[in-house]
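Dear colleague,

Please find below the structure that I promised to hand over. My notes on what was found in it follow directly after.

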Amino acid sequence: MTKIERNERLIRLCLLVVAFSAISVLAVITIFIFEQGTPIMFKYGFKNFLLGQDWYPSEKSFGLFPMIVGSLMVTLGALIIGVPLGLASAIFLTEFSNRRLARILKPFIELLAGIPSVVYGFIGLMFLIPFIRENLGGPGLSVLASSIILGVMILPTVTSIAIDSIRAVPDSFREGSIALGATKWQTVKMVILPAARSGIVAGVVLGMGRAIGETMAVIMVAGNAAAIPDSILAPVRTLTSNIALEMAYASGEHRQALFATGVILFVIIMILNTIANLTSARQKKR
Amino acid sequence: MTKIVISMTRIKILNLGLCLLLALGYVSCRPGKSSQRIVVAGSTSIQPFADKWAELFMEKRPETVVDVQGGGSSAGIQAVQTGAADIGMSSRALTEDEKELFEIEVARDGLAIIIHPENQLDNLQLDQVRSIFSGEITTWEILNGKAKNITVVVREEGSGTRAAFQELVMGRLRISKRAIVQDSNGTVREIVSRDPNAIGFISLGLVNKSVKTLSLDGIYPTEESIQNETYRLVRPFLFLTRAAPSGLVKEFIDFILSEEIQQLIKKEGLIPIKKNPGPRDDQDRTE
């Protein structure tokens, strides 16, 4: 074996080890969460965990249903606010603005992704919460406040992926549509958006993943009541905030129940990721 | 055959090595444990204060180590029962079957019921507080005449402050699940200071001018009303030992009960105990 060959082999081995270390971290985390979280689910019954309405760990009552509903409500709210805004700015920046303006604006939207979530939470607490409380009623800490904050937080994800997939639509599509006599807006609505659809959907699913996993900002503005909210002005608790909120002093079964919360969150995020991968795979096939 | 033999001898060598290691560990740990080092574990409400006391104690007695750990009141009680800790810390009174432990009260903490400073209300009865936090009373109307919904703010499950409130006010009733939950005394105070319809409870030492403290059954929480137990929302900070304290454990407890530390306790917002009671009186008191 020559020296070069030996070096090649060595480098290959090193890279293999590095590659597997990343995967093994994932494996360790998965095993750890499931090992810590599932025994208590078996002990008290999956049904009680998933559909129980009362979260009183000190009384051994571990119903996660309000938090599951809370997570889904807040995520849906974030999408209702973030997706139209993100999609609209993507359409504007790609189709209606001149290139120079787009080149200036896009980095600013992407900059939103770089703001730490605790800053979003703080701004929400200082300005949004009093605004909601004084103008709409309720305590201010609410589904609405968390949806707005999360909607802004997912904006960069939704926008930049939508921009990329709209740009990926071949110019011949646009030319053909305009040649047929369609206006610019008709072209966007009937040709470009359908063509870019799966890319946009993938962006939305990624944004959804971010919204459901966000913790700090939500804890600060959601109010964290462990009950199913009866209006969008009522406080809400998500799965992630349930873990972060009570982690500090939890011990024994309470601690295990928080790991069980993690298991459920893990499964939900896995499902979302799979959907995202499937949609982007379908886009590539075309 | 030879293979088996080899593996047998290997196991023997391993065993021997393990025994040696254990023995070494035992020998090296023993002197530390009996004369120089004490382990204090329990309530996370007491822990930050105990850390400070331990630090000051170790400054005076550099040859000693006081190891302060958290875990919660129940874990602390268990640790002292099993001997895992020399001193257990509890911020709740002991239950009947825990009473065989020796208890020494080292400080007291009051719970203040706080509202927005612009709220006209000054006083609540204990059962009104209970009804508000259980979600039975939902508007301020019968309390101060304003037809606004009450924003109830509480601490999270597992916190010592919540446990104390549960025990002292709620009894068996549940705290409403519609209540807003925050994970520190500071954020509870922050929300109550901003929301004119809010009510919450925090540790008395952390009350400041941004909120208004309510009197309870006509009694306002002060050092005096807490020491003579007319104000009812008081929790003891207890140090627990398995037998009457002796040696370094006794020295540490005496140090905390000394005038110097009790003054410090007052500065940090806790209520010093009235005079230094011996452990004996103390056991009578908690009946």
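In chain A, buried residues account for 46% of the 286 residues. The model is a predicted one. In chain B, 47% of the 287 residues count as buried.

Chain A contains 12 helices and two strands, and along the sequence the order is α-α-β-β-α-α-α-α-α-α-α-α-α-α. Taken along the principal axes, the C-alpha atoms of chain A fill a box of roughly 75 × 70 × 35 Å. Chain B has 11 helices and 11 strands.

Aromatic rings

A pair in chain B is formed by Trp53(B) and Phe239(B), which is tilted, with 6.1 Å from centre to centre and 50 degrees between the planes. This pair links distant parts of the chain, since Trp53(B) is in helix 2 (residues 47-60) of chain B and Phe239(B) is in strand 11 of chain B, 186 residues apart. Both Trp53(B) and Phe239(B) are buried. These two residues also belong to a cluster linked by ring pairs, together with Phe49(B), Phe57(B), Phe237(B), Phe252(B) and Phe255(B).

A ring of chain A has a charged neighbour: Lys184(A) lies over the face of Phe96(A), 5.8 Å from the ring centre.

Helices of chain B

Helix 9 (residues 247-257) and helix 10 (residues 259-267) of chain B pack with their axes 5 Å apart, at an angle of about 55 degrees. The two helices are therefore oblique to each other. Where they meet, Phe255(B), Ile256(B) and Leu257(B) of helix 9 face Glu259(B), Glu260(B), Ile261(B) and Gln262(B) of helix 10.

Which residues of helix 7 (residues 185-194) of chain B are buried? They are Asn185(B), Val188(B), Ile191(B), Val192(B) and Ser193(B). Their cover includes strand 4 (102-115), strand 6 (151-155), helix 6 (160-170), strand 7 (180-182) and strand 8 (198-203) of chain B.

Arg235(B) is located in strand 11 (residues 234-241) of chain B. Is Arg235(B) buried or exposed? Its relative accessible area is 4%, so Arg235(B) is buried. A polar atom of its side chain lies 3.4 Å from the backbone oxygen of Gly160(B). Not counting residues up to four places away in sequence, Arg235(B) touches several others, among them Ser45(B), Ser91(B), Arg108(B) and Asp109(B).

Ala179(B) sits in the loop between helix 6 and strand 7 of chain B. With a relative accessible area of 3%, Ala179(B) is buried. Leaving aside neighbours within four places in sequence, Ala179(B) is in contact with Ala225(A), Val152(B) and Val154(B). The C-alpha atoms of Ala179(B) and Ala85(B) are separated by 37 Å, and these residues are 94 residues apart along the chain.

Val158(A) is part of helix 6 (residues 143-167) of chain A. Val158(A) counts as buried, at 2% relative accessibility. Apart from neighbours within four places in sequence, its contacts are Val83(A), Gly86(A), Leu87(A) and Gly203(A). Between the C-alpha atoms of Val158(A) and Leu64(A), 94 residues apart along the chain, the separation is 29 Å.

Yours sincerely

Conventions: Residues numbered from 1 in each chain as written. Chains lettered and ligands numbered in written order. Predicted model: local features only at pLDDT ≥ 70, side-chain atom pairs only at ≥ 80, totals over all residues. Heavy atoms only, no water. Helix = DSSP H or I, 4+ residues; strand = E, 2+ residues; numbered from the N terminus. Buried < 20%, exposed > 50% of the residue type's maximum accessible area, 1.4 Å probe, protein only. Polar contact = N/O pair within 3.5 Å; in protein donor to acceptor, adjacent residues only side chain to side chain. Contact = heavy atoms within 4.5 Å. Phe/Tyr/Trp six-rings, centres within 6.5 Å; stacked < 30°, edge-to-face > 60°. Lys NZ or Arg CZ within 6 Å of the ring centre and 35° of its normal. Axes fitted to C-alpha atoms, helices over the stretch in contact; angles between N-to-C directions. Parallel < 35°, antiparallel > 145°, perpendicular 65-115°, else oblique.
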